[in-house]
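Okay, thanks for coming, everyone.

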Amino acid sequence: MTATPTGLREEARQAIADQSARVVTVLSSLLAAQDKLGYLPPEAIDETAQRTSASTNEVWGVASFYPNFRFTPPARHTVEVCWGPACHILGAQPLLRGVMERLGLDGEGDTPDGTFTLRLNTCLGVCPHGPATSFDHEIVGRATRETAVRHIDLLLASDVEEGRSAVLEAETERVKAERDARVAAAALVAAEAAAEAEAAAEADADADADAGAEAGAEPDDAESPDADADGEAGAEPDADGTDSDE
Ligand code: FES
């Protein structure tokens, strides 16, 4: 993932602040930032200037003087071949030719596909073990043309493996998302069915209540005519105009 300018600045600031050297200089700060980021973005130059109270131009002057500093992000893998005096005597030249041939490069630089950066180092610090090489910052001493090429091939193989892992990971995520979607859909169907059943039960209960109410009302209706009839009969006057009960 590509770091944002804010992220780069923060990482550069942290790397410069974390230096263990008692005396912090422009050079030590630039080295710390490049060790952390792999190159020197403008943010690292700014942070170095602020930390050392130097001007931005002074920092650029130091950074551009040393060929080991780079100002663009490196390729995915970095291969370094030492061509210092000790390694030169011990066979660095044929080794370097083999590495350049394998990478398709004529000298230092990046492969066109952005996979490898080749750097020549003046001393990797392991002179007795020369010729020395470094693959993604891992030192390999007593290297030969063949072992160097093999290390490059191993890095390529690890990329393929990582790619496979990424594909597998993506597939696992896809299956998991599908399963979650199915579970959610099933839960929705179950909730809808429960709601329908509840509505049907309520409708049945209402229908029963109505039927009960109607059944309860019938006797009153039946009594009324009788009562009316009784009333009418009771109210019928006698021939003399008085009630027979009187
Ligand atoms: S000269 Fe190559 S490691 Fe020192």
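Let's start with α2: its buried residues are Ser29, Leu30, Ala32, Ala33 and Gln34. Buried here means 20 or more other C-beta atoms within 10 Å of the residue's own, exposed means 12 or fewer, partly exposed is in between, and the C-beta atoms are placed from the backbone. Helices (H or I, at least four residues) and strands (E, at least two) are DSSP runs, numbered from the N terminus.

Before going on, two housekeeping points. This is a predicted model, with local features needing pLDDT of at least 70 and side-chain atom pairs pLDDT 80 or more, while totals for chains, interfaces and linings use all residues. Residues are numbered from 1 along each chain as its sequence is written.

So what covers the buried residues of α2? The cover includes α1 (5–17), α3 (42–52) and α4 (56–65). Just after α2, Gly38 takes a positive phi of about 90°.

Staying around there, Ser53 sits in the loop between α3 and α4. Its phi is positive too, near 60°, and Ser53 isn't a glycine. Is Ser53 buried or exposed? It counts as exposed, because it has 8 C-beta neighbours inside 10 Å.

His137 is another non-glycine with a positive phi, about 70°. You'll find His137 in the loop between β4 and β5 (138–140). With 9 C-beta neighbours inside 10 Å, His137 counts as exposed.

Last one: Gly130 and Pro131 are joined by a cis peptide bond, omega about 0°. Pro131 is in the loop between β3 and β4 (133–135). For background, most peptide bonds are trans.

Methods
Two residues are in contact if their C-beta atoms, placed from the backbone, lie within 7 Å.
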